Amino acid sequence: MRGKILKGIAGFYYIETSDEKIYECKAKGIFRKDNIKPLVGDDAIIDIIDEEKRLGNITGILPRKSGLLRPPVANVDQAVILFAIVKPNPSFNLLDRFLIMMRGQNLPVIICFNKQDIATKEEQEELTKAYEKCGYKVLFISVKEEKGLDALKELLKGKTTALAGPSGVGKSSLLNKLVPDADMQIGELSKKIERGKNTTRHSELFFVKELSDGDSFNTFVIDTPGFTSLELRDVTKDNLMEYYPEFEEYEPDCRFGGCSHIAEPDCGVKKALEEGKISKVRYENYKVLYEELKNARPDYSKKTRR
């Protein structure tokens, strides 16, 4: 039987099949031998060992079309990063860190700002101007008043989407709008594994029946743990500019090759900034991250000893 891995905790995997049954499964020893770890989002082959108790074993993992390292999930088509426009005000530094992380993993991102109902038009226009220039889709929604949700649902349809964002921005409320029985599903699993359900500590996948095409099992949302900080890995001060795609157009106007766009004279990027062609918020974050990476201690553990 084939199903999707919804959640994995302490060696147990919870797998939903096309008939919407959830089985508690263990992975066969062959996975450890082959150094394969089942991930949330994986398409798995399972053998049922007790239908009444919904118990089984994972006997195979189908080929993955994609995978994320942070958070560790499989077969993701895109990410939706959710921030509030106000209350709390968004951390643009944290948002840029997430965008850098997803760009490094070649995953398309939709930036979604919640609490549209209590934000001004000017605040929305400033955010749109800052991030649409970078090539990102920007949406404004109000989960409370159910505004903008139809546009978001259209972007989710037929795809597997990782839903991410800091705590307190309405992520759980949005999930419950997308998957009305999410609380029931979480409660069922929480009772089985004897864990609370108030805080998302693990990534968890939900089948969005409303958006799936007929009998097709093809629309999923992965709820990921909230975060307050993100460490940039495999990013250096020298390649940071590659994660700011809006700079590329103006780099040929820099006097010096390899310009860092920080202190050099006759910098095309800084000129574009002065002319309002590049977001001041984005550029200021770039400078902060550049200094952070410049002053970072080298990780000698990655170097081969002689």
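Colleague: Which residue of β3 is the bridge partner of Y14?

Modeller: Y14 has E24 as its bridge partner in β3. Keep in mind that we are looking at a predicted model.

Colleague: What makes β2 and β3 a pair of strands?

Modeller: Two strands pair if there are at least two bridges between them. Strand β2 (residues 12-17) and strand β3 (residues 22-27) are joined by five bridges, in the antiparallel sense, so by the rule of at least two they count as paired. Their hairpin has four residues between the strands, and E20 takes a positive phi near 65° there.

Colleague: Which other strand does β3 pair with, and in what sense?

Modeller: β3 also runs parallel to strand β5 (residues 55-61), with four bridges between them. In that pairing K26 stands opposite N57 of β5.

Colleague: Let's move to the open sheet. What is its strand order?

Modeller: The six strands follow the order β10-β9-β8-β11-β13-β12, and the pairing is mixed.

Colleague: Why are β10 and β12 called edge strands?

Modeller: Strands β10 (137-140) and β12 (204-207) each pair on one side only. On average, neighbouring strands in this sheet are turned by 25° against each other, direction ignored. Inside the sheet, strand β11 (residues 160-164) and strand β13 (residues 220-223) run parallel and share four bridges. One of the residues involved is T160, whose bridge partner in β13 is F220.

Colleague: F220 brings us to the rings. How many aromatic pairs are there?

Modeller: The count is nine aromatic pairs. One of them is formed by F207 and F220.

Colleague: Why is the pair of F207 and F220 called tilted?

Modeller: The ring centres are 5.6 Å apart and the planes make an angle of 45°. Centres within 6.5 Å count as a pair, and planes under 30 degrees apart would be stacked, over 60 edge-to-face, so the rest are tilted. F207 belongs to strand β12 and F220 to strand β13, so this pair ties together parts that are 13 residues apart in sequence. Both F207 and F220 are buried.

Colleague: Which residues form the aromatic cluster?

Modeller: Y244, F247, Y283, Y286 and Y290 form one aromatic cluster.

Colleague: How do you know that α2 is roughly perpendicular to α8?

Modeller: The axes of helix α2 (residues 92-104) and helix α8 (residues 280-294) cross at roughly 75° and come within 10 Å. Angles of 65 to 115 degrees count as roughly perpendicular, so that is the label for α2 and α8.

Colleague: Which residues meet where α2 touches α8?

Modeller: From α2 there are F92, N93, D96, R97, L99 and I100, and they meet V281, R282, N285, V288, L289 and E292 of α8. Sorted by class, this contact has six nonpolar, two polar and four charged residues.

Colleague: What makes K153 buried rather than exposed?

Modeller: Buried means under 20% relative accessible area, and K153 has 14%, so it is buried. K153 sits in helix α4 (residues 149-156). Beyond its neighbours within four places in sequence, K153 is in contact with K177, L178, E210 and L211.

Colleague: Finally, the loops. Which peptide bond is cis?

Modeller: The bond joining K87 and P88 is cis, with omega about 5°. P88 lies in the loop between β8 (78-84) and α2.

Colleague: Where is K115, and what is its phi?

Modeller: K115 is in the loop between β9 (109-114) and α3 (121-132), and has a positive phi of about 70° although it is not a glycine.

Conventions: Residues numbered from 1 in each chain as written. Predicted model: local features only at pLDDT ≥ 70, side-chain atom pairs only at ≥ 80, totals over all residues. Heavy atoms only, no water. Axes fitted to C-alpha atoms, helices over the stretch in contact; angles between N-to-C directions. Parallel < 35°, antiparallel > 145°, perpendicular 65-115°, else oblique. Contact = heavy atoms within 4.5 Å. Nonpolar A, V, L, I, M, F, W, Y, C, P; charged D, E, K, R; others polar. Phe/Tyr/Trp six-rings, centres within 6.5 Å; stacked < 30°, edge-to-face > 60°. Buried < 20%, exposed > 50% of the residue type's maximum accessible area, 1.4 Å probe, protein only.
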